[in-house]
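The sequence and structure are shown first.

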Amino acid sequence: MNASRLSIVAAAGLLPLTLLGACTPALPTPTPVKEAVWLDQNWKPGERYWYHHASQGTSTFPISYSWFMALEQPDIRVFGEPKMLADESYLQRFGFIPSPKRLGGGTARDYGYGAEPGSAKAVLAAYNQSEDEVNPDGLPVGFARTKGYVDPTTGTPLPDQIGLTCAACHTGHIEYNEVSLRIDGAPAVINLDALTAALGYSLAYTKVLPGRFDRFADRVLGPNRTAEQTAALREQFEQTLTTLEALAKRGAAQSGNPAVVEGFNRLDALTRIGNTVFTNDLLNGKVEFDPFTNVAAITAPVKYPHIWNASWFDWVQYDASIMQPMVRNAGEAMGVAARVNLSNPDRKLYASSVPVDTLYRMEQLLAGPNPRARKPDGSMTGFQGLTAPKWPQAVLGTVDEAKRTRGAGLYQELCQGCHLPPVDTPAFWDAKYWTKPNAAKQSYLKVTPINVGTDPAQANILQTRTVQLPAFLKVDPASLCNGKPGEPVTKTSFAAALGYVVQKTAETAYDENKVPPAKREEMNGFRPNCLQAEGGYKARPLDGIWAAGPYLHNGSVPTLYDLLSPLAERPKSFCLGLRSFDPVKVGYRTDCADGTFTLDTKIPGNTNVGHQFVGSGVAGSGIIGRGLSEQERWDLVEYLKTL
């Protein structure tokens, strides 16, 4: 029985009380740090703070915001009361980055912000928010309070919701010499499944342990709650647990236990998005089939990708499968449980809680203006949105110039053919690497999916998974990518179904917000909703690669040095969950400790094959270049620090 299912069974009171304490997820103990620093990546403090907590309309956790804030940690104590589930030191153990309640005042300095946030108030005002509204309860980076809205499927008013934003998965932090370096757009180190399990246990303890429900009710209703209010809350609480238990049992019966554990640093995002949209969003409606037939097991965890510069790629995702930015971002929001009506034809279909205006602002903040615009001297302006982090020599140590110089030659010989010239060189901006300008005179970097022999599980999802659909949704994959309308289908590939459903959700949101056609084109990036599933993974520029470990798309190689080593020398298994950094090999330290996750590369989905420098090979063999001496590996690692 996996942790998530076990937590829901415990919540239903089906486990003896004496076993509850033995079931709570083990978590690593964070290393104390004396200083936190947000690296300079071309964002103002107010922009960063807004991005970290702006709601994407999500209800990621199956309880309201007030319930989340009222729950205690799943801890049994003989004396005293447990601390709160939302306590920042507890959530930090799941890998989340602490964030202040507001930028004003001296406390923000403890979270890596400078002593003077500068234009924070003005920046937040441009987003129609005050400092006190962004993160009022001091939740970690990536948590957002979604204001109450009407459920688009049922028409029922919902209270404020607790949701995750894209910053939860795409903000990294590493620790070295008691300094916490915090990096926007970097891979997160979080363990989302462990947090889900802890939430389940917290609900269970609230039900069965003496005194917990009363304290929970005091926090939700206030100390002057009436007996009637308390009884109504208890009934709602019991019904929530019953529903969660039933859903967990049905989902587990359909998919079986997950084949691959995600652990820290990784998530099978594509499978989870599919299960959310084509199972959860089809429940409790007028669907003529069992939505649980669409459930798929977790088989292909990937490292949370780094996202600087990604707005300017012609294709995004690891397998270079999506073109249009609004579809990419709305799909991500739907995957972390923005609500959408896909099951009730008596209400407006495809109506949702997805805030397309917020998603567009996020995309603009990430992208910045056209990087191929010309300066007065004729050169390109370059990337001006979220930029890649520079190696912080003051913290991680100086770069060896002799090694770096030799490494630069090795990069040109062995890496540049796929990963392109360095971003800060004129060669990178050569027109041959970029698409032809669109209607807005914007070009995009060509990124082609290629096969270098790495684990195929992630690419296989879009190639092999199918889903069943209600006829009333009128899903028409032929109309995608500016195609001619065809006959609606009730069963199709997961990729086509997701592409169509997300596009219709965005279009419906545009309609409801009265967005004019020209503005829609702009918000769509002047690009059609084209999809592809070619079975490989894109080779992207390597700027900031030092901050993007662990490596390969599935995080199966811990350091850059290991990635440049022959397969036989790569670690067969290692542990994730610590933020301690190795500035020599470049990557997270992989010590095993209580609560860390062991990544076993023998398991399909976790394999560390491919991208090898061992000689000459044929396409798809996993051999991409000649063998490297140990000195050459160190030289190339030193150069990669500087990109």
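Is F143 buried or exposed? F143 is buried, with a relative accessible area of 1%; buried means under 20% relative accessible area and exposed over 50%, with partly exposed in between (1.4 Å probe, protein chains only).

## Basis of the model

The model is predicted: local features need pLDDT of at least 70, side-chain atom pairs count only at pLDDT 80 or more, and totals for chains, interfaces and linings use all residues. Residues are numbered from 1 along each chain as its sequence is written, and side-chain values use heavy atoms, with hydrogens and water left out.

## Aromatic pairs

Rings of Phe, Tyr and Trp (its six-membered ring) pair if their centres lie within 6.5 Å; planes under 30 degrees apart are stacked, over 60 edge-to-face, and the rest tilted. The count by this rule is 26 aromatic pairs. In one of them, the ring centres of W67 and F237 are 5.6 Å apart and the planes stand at 40°, so this pair is tilted. Because W67 belongs to helix 4 (residues 65-70) and F237 to helix 11 (residues 227-255), the pair ties together parts 170 residues apart in sequence. Helices (H or I, at least four residues) and strands (E, at least two) are DSSP runs, numbered from the N terminus. Both W67 and F237 are buried.

F68 and F143 also form a tilted pair, at 6.1 Å centre to centre and 40° between the planes. F68 lies in helix 4 and F143 in strand 2 (residues 143-146), 75 residues apart. F68 is buried, its relative accessible area being 1%. Ring pairs join F61, F68, F96 and F143 into a cluster.

## Charges over rings

A charge sits over a ring if NZ of Lys or CZ of Arg is within 6 Å of the ring centre and within 35 degrees of the ring normal. The charged end of R234 sits over the ring of F213, 4.0 Å from its centre.
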